[in-house]
Amino acid sequence: IRDRYMGVQSIICMESVPLVTKKVYQDDTYKFEHNAKVLKIESKTATEHWIILDETIFHPQGGGQPSDEGQLIKGDIVFDVKGLQFEGETIVHKGAYAKEGAEFKVGDCVALKINQEQRVRNAKLHSAGHLLDMCYHLLGYTHPETKGYHFSAGAYVEFQGKLDAKEKDKVKLDLEKKINDTIKETPESDVLTAKVCSYEEAGKALGEIPSYLKPGSNVRIVKICSMDKGGPCGGTHVRHIKEIGAVKVEKVKSAGSKAFRIHYQVV
């Protein structure tokens, strides 16, 4: 179907069944290239286009982790992926063609290439955030983790509760040591695991399921090592925490009157 609105052509693939994008990035963090089929194309403006594929290695921003960047390619046609978002069971690749007039068609097989350096950096920061949370509780603290922000600039994990100035200084020193000792001491065989469970299975494994997960949905549980109790996560991670390298706890800072953030970096 071709529909014209505001002078812009929109090409829409009509499907008798709901479109689904397979999240290949959840199976292999280190898959930097892949091939996929174009399921749907929408032209939002003359230069902005949305593309849905049957499979993708591009991780959309979510869970505190930024989106991947990269390109979709077929021959001389290059599409720069500038943003991603979930839409139902699909993932929308937003961006622009490198050359005007050279565009994909529904049904085309395209090559996917992501920014390798950025992907690895994001995975290290994400896994380091999980490790920070685990080690904080292994030190005996009970404040619940409420969210993580795993971007290169300003990464942190937020906890509910309060710490006084003396406690903040102690946490900064003790936690950094605990994290890096754990990285060094964890055996090579103790690798990260990710398992997709039913909602009921996840409830038994975790004890409590976050409210943002809908009853009846499947839940991906990630455990960064055998000491980790695990938690729901849809992002990319390293294979083993040794791949993180070293972690620096930069500061412990209050976030309002009822929460605090532990800022960190991978070094």
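Visitor: Which residues does Y25 touch, not counting residues up to four places away in sequence?

Guide: Contact means heavy atoms within 4.5 Å. Y25 touches T56, I57, F58, H59, P60, F86, I91, R119, G234 and T236, leaving out residues up to four places away in sequence. This is a predicted model: local features need pLDDT of at least 70, side-chain atom pairs count only at pLDDT 80 or more, and totals for chains, interfaces and linings use all residues. Residues are numbered from 1 along each chain as its sequence is written, and side-chain values use heavy atoms, without hydrogens and water.

Visitor: Is Y25 buried or exposed?

Guide: Buried means under 20% relative accessible area, exposed over 50%, partly exposed in between (1.4 Å probe, protein chains only). Y25 has a relative accessible area of 1%, so Y25 is buried.

Visitor: Which residues touch the most other members of the largest nonpolar core?

Guide: A nonpolar core is a set of buried Ala, Val, Leu, Ile, Met, Phe, Trp, Tyr and Cys residues joined through side-chain atoms within 4.5 Å. Here the largest has 55 residues, and F104 and I262 touch the most other members. Its largest share, eight residues, comes from helix α1 (residues 116-138). Helices are DSSP runs (H or I, at least four residues), numbered from the N terminus.

Visitor: What does I262 touch, beyond residues up to four places away in sequence?

Guide: Its contacts are L132, Y136, A155, Y156, V157, F159, V171, L175, V249, K251 and V252. A second, separate core of seven residues includes C197, Y199, A202 and I209.

Methods. Helix = DSSP H or I, 4+ residues; strand = E, 2+ residues; numbered from the N terminus.
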